2 protein chains.
Amino acid sequence: MASSLFSRQLSLSLQKNLWLGAAGKSSSSNTGCRYVSKAAPKTQVEYDYDGPSMKTSVPGPRSKELTKQLGEIQNVAAVNFFCNYEESRGNYLVDVDGNRMLDIYSQISSIPIGYNHPALLKLMANPNNLSAFVNRPALGILPPENFPDKLTESLLSVAPSGMTRVQTMACGSCSNENAYKAMFIWYRNKERGHNTPSDEDLSTCMINKSPGCPDLSILSFMGGFHGRTIGALATTHSKAIHKLDVPSFDWPIAPFPRLQYPLEEFAKENAQEEARCLEEVEDLIIKWRQKGKPVAGIVIEPIQAEGGDNHATPNFFKSLRNIARKHGCAFHVDEVQTGGGSTGKFWAHEHWGMEDPADIVSFSKKLLTGGFYYKAELQAEKGYRIFNTWMGDPSKNLFLVEVLNVIRRERLLEEVTRSGKTLLNGLYELQTQYPGILSRARGQGTFCAIDVCDDETRDKILLKTRDKGVLLGGCGDRSIRFRPTLLFKEYHAHIFLNIFNDVLAQYK
Amino acid sequence: MASSLFSRQLSLSLQKNLWLGAAGKSSSSNTGCRYVSKAAPKTQVEYDYDGPSMKTSVPGPRSKELTKQLGEIQNVAAVNFFCNYEESRGNYLVDVDGNRMLDIYSQISSIPIGYNHPALLKLMANPNNLSAFVNRPALGILPPENFPDKLTESLLSVAPSGMTRVQTMACGSCSNENAYKAMFIWYRNKERGHNTPSDEDLSTCMINKSPGCPDLSILSFMGGFHGRTIGALATTHSKAIHKLDVPSFDWPIAPFPRLQYPLEEFAKENAQEEARCLEEVEDLIIKWRQKGKPVAGIVIEPIQAEGGDNHATPNFFKSLRNIARKHGCAFHVDEVQTGGGSTGKFWAHEHWGMEDPADIVSFSKKLLTGGFYYKAELQAEKGYRIFNTWMGDPSKNLFLVEVLNVIRRERLLEEVTRSGKTLLNGLYELQTQYPGILSRARGQGTFCAIDVCDDETRDKILLKTRDKGVLLGGCGDRSIRFRPTLLFKEYHAHIFLNIFNDVLAQYK
């Protein structure tokens, strides 16, 4: 029974669809060059659709009706539209009004290998897997028999350099929260010189007081995003709307380098800017130690994503790693958005070329489960310190095994590198063509972004592009971020670039 | 294909098993009375096993081997044993060494209708549901078409009195974190007199400073447990091991009444104790306002669970609700562990008999998804304030619809009330029989607990009972908590009481 959707889907993939018509329509307003799709290896995504197909503007009438209905139940101010996930395939998201969009946002970067991938549907059809879905265990006390093997096949098979330990969690935010706790525990044990808390530690912590609840801090960066629960939020500094009205901690916030792009053309200026930020980091560590709130850990994204796709060079991260080591702070790399392959390497920090890149690496989104890798010395010595009821979800590990198989089998990281180059070169061309509108094209793999002259124009362009069948997301003040699935090929980049070009032509 | 496990399971349920033998064995050390099972309505759980069946002590050799293997990957200090979830059924958890235990802990109270329930397996076999499992959406921006209907069929169909709005989340801890944020936002808007932040609010919040990140607080209770992420942890005060070494907030902590049981026998003493605690609550609210850290919300569990199954009377909660109203604090009832039916009502707060019991009610565990209900005025006016990538998981809502159908169809709340009475009466008998070991039996529905003379004896009793085929959990300093699934019948209580009696007899 479970296989009927699977076969229906495969047959659907054979139906050629309306893409040529849609492209013809959108090209009517085209004033720039057309990107011609090469004979790309479509076989690997043959269950995919061939292109966008739009029937209404978005949100269409059915989406509006459902938004009104959901609005009676919860806040819907962020809802874009409602989706028909059954009909969505590969890189294409279908909405409830029958619109089919090339999805370059992929559920805030959280869909690794597209919608309804056959490998994932096949997994669901295997009766041996059903139990993992209907019996969610308390993983920290009663794990299933295959749990160590599934961790080994999935998360450990892509462990960052120097790391052999991993703890799963439910989402990105609680992964970071627990990583911070691990760093605090590690730091306090270092301060004590041993692992045994004093009676005073034990009694004061129960009433939120020092030394049991110590005045330690996490150093974060302006523009960074690490989640929205209250601990993680204290290290998030991308947009006011996330932080407004929520109590927080007096923790140090360093400037993140504001580099000029393309990076290689501004190597000297960028190196100066990075040096300035690194100096500030050291100053803050010293200042907060003097304040009596020592920095237990430094947290940073390899590319600031939500904060506007801000890049820094491998040199910056290497120096920062050394500063952390020098001052005895743990170094936490947050790969919640950058991890999973979209930069062309499985982890963005691999681009730094370091053997010992971090003490903790957190993840979620494309990994389908949250969690964090950590060095052995960051492991709390007792149980129940890094703990909660579910501690992840083994059914997500099953999916992840399949996702990683597909990534390897189809060499998706190479594909991402290739299609990312096509995408970024297209963006470079467009910013030359539309210098009054676009600037600062940048990216690694398909993890690309470009700035628009102002936020109002950015938001309008996003809506117009969506109405023409391409779904994008914004980030920072006035950037557009590109977050396709790992199945995004060169010809998908061409489809996007043609449509984007048509939209931009209206502004010329 | 998916249905093969289902039919195999049904056939297994027809095999009569080793329970009579196991009972015979354990009764050899029996010195007290035997609880005789009535002709209970077994048909409703006919896929269940008939009793425990033990082959090794627990953990057995295979569990020890797997624990060692997992220990190379992560902290395993809290792991009890490894489970064979495929073979587990109803109230019985089977481990990897072939031991079958009556599970009265149910994955820290998070399994609503037992293992491998046919209704849940059937749901998995429906191809229309597959897409919800393989395409996890970013619910806050791109919900699936059936999302409003599924919320209506599931969570809204059991909404607490006076509440029509609900927000799903991934787990209990982040449900509480977001509930706190909702209360802070609501409180600040009340302080402002309008919803528009000042420029100073917007700029200061980005650097964690007041007034943007205001000095507001949440009042919690000593012994309370609300999760382990850093914000939730600031309101958790059950065990030092949870809080040690983690920075926290200077928020007020009130005493929770320490009542004498049975409650009705000590009505006068208990009323005095509750009055003392309520007075302290008011003092703390005033004191923290004077300190410049006003109490935005009060958070409390209807029964303190992790903290030791501490009860309070409906009068206490009614008065507390009034104090919150009087001082302009939001009132948040945390039903993460108490919710879902095990007290004999769907929500424990229903026992208070109030039309307007709370401003926010949070849940997780047995509801299979986290989240919180809230009054309309607690809804942030903008999007992205209460937000994260996933905001729950629609596949869990599908399961919840079925769970609620089973609860209604099989009148499980009535069953829980009945079997809970049997369980509690048995505990009363046992504490009379073993006054040197047991005391303070207490409970509502099957949500019961009993105290043991000291923690060492408690822990030994838990292990001995487990080796005889009953899985229990501890809570507080020296309590045993009973957290069976909603399928726990009177005859399950009898099986437990007989085995427990045998264990206790060794201590006489």
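Start at A:Gly292, which comes after helix 12 of chain A and has a positive phi, near 85 degrees. Helices here are DSSP runs of H or I with at least four residues, strands are runs of E with at least two, and both are numbered from the N terminus. This is a predicted model, in which local features need pLDDT of at least 70 and side-chain atom pairs count only at pLDDT 80 or more, while totals for chains, interfaces and linings use all residues. Residues are numbered from 1 along each chain as its sequence is written, chains are lettered from A and ligands numbered from 1 in the order in which they are written, and side-chain values use heavy atoms, with hydrogens and water left out.

**Helix 12 of chain A**

Select residues 267–290 of chain A. Helix 12 has 24 residues, which at 1.5 Å a residue should span 34 Å, and its end C-alpha atoms are 35 Å apart, in agreement. The expected span is 1.5 Å times one less than the number of residues. Now colour the buried positions (under 20% relative accessible area; exposed is over 50%, partly exposed in between; 1.4 Å probe, protein chains only). They are A:Asn270, A:Glu273, A:Glu274, A:Cys277, A:Leu278, A:Val281, A:Glu282, A:Leu284, A:Ile285 and A:Trp288. These residues pack against strand 4 (217–221), strand 5 (253–254), strand 6 (295–300) and helix 13 (314–327) of chain A.

Move to chain B and select B:Phe221, in strand 4 (residues 217–221). B:Phe221 is buried, with a relative accessible area of 1%. Show its contacts (heavy atoms within 4.5 Å). Not counting residues up to four places away in sequence, B:Phe221 touches residues including B:His237, B:Phe256, B:Val281, B:Val299, B:Phe316 and B:Leu320. B:Val299 is 78 residues from B:Phe221 in sequence, and their C-alpha atoms are 7.8 Å apart.

Next, select B:Gln167 in strand 3 (residues 165–169) of chain B. With 6% relative accessibility, B:Gln167 counts as buried.

**Helix 5 of chain B**

Select residues 118–125 of chain B. Seven of the eight residues of this helix are buried, so helix 5 is largely enclosed by the rest of the structure. The buried residues are B:Pro118, B:Ala119, B:Leu120, B:Leu121, B:Leu123, B:Met124 and B:Ala125.

**The contact between the chains**

Show both chains. Chain A gives 129 residues to the contact and chain B gives 129 residues. The buried area (accessible area, 1.4 Å probe, that two parts lose on being put together, summed over both) is about 11400 Å², with 62% from carbon and sulfur atoms. On the chain A side, A:Ile73, A:Leu142 and A:Asp245 lose the most area to chain B, together 7% of what that side buries.

Between chain A and chain B, 64 residue pairs are in polar contact, both at pLDDT 80 or more. Helix 8 (residues 172–192) of chain A supplies the largest share of the chain A side, eight residues. That side divides into 72 nonpolar, 33 polar and 24 charged residues. In this division, Ala, Val, Leu, Ile, Met, Phe, Trp, Tyr, Cys and Pro count as nonpolar, Asp, Glu, Lys and Arg as charged, and the others, Gly among them, as polar.

**Salt bridges**

A salt bridge is a side-chain nitrogen of Lys or Arg within 4 Å of a carboxyl oxygen of Asp or Glu. Ten salt bridges are counted between chain A and chain B. One to select is A:Arg385 with B:Asp245, whose closest N and O atoms are 3.0 Å apart.

Over all chains, the whole structure has 63 salt bridges. In chain A, select A:Asp359 and A:Lys375, a salt bridge at 3.5 Å between the closest N and O atoms. This pair links distant parts of the chain, 16 residues apart. Both A:Asp359 and A:Lys375 are buried. In chain B, B:Lys375 and B:Asp359 also meet in a salt bridge (3.5 Å, N to O).

Finish at B:Glu414 and B:Arg411, which form a salt bridge with closest N and O atoms 3.0 Å apart. B:Glu414 counts as partly exposed at 44% relative accessibility, while B:Arg411 is exposed at 54%.

Key: A polar contact is a pair of N or O atoms within 3.5 Å; within protein, one must be able to donate a hydrogen and the other to accept it, and residues adjacent in sequence count only if both atoms are side-chain atoms.
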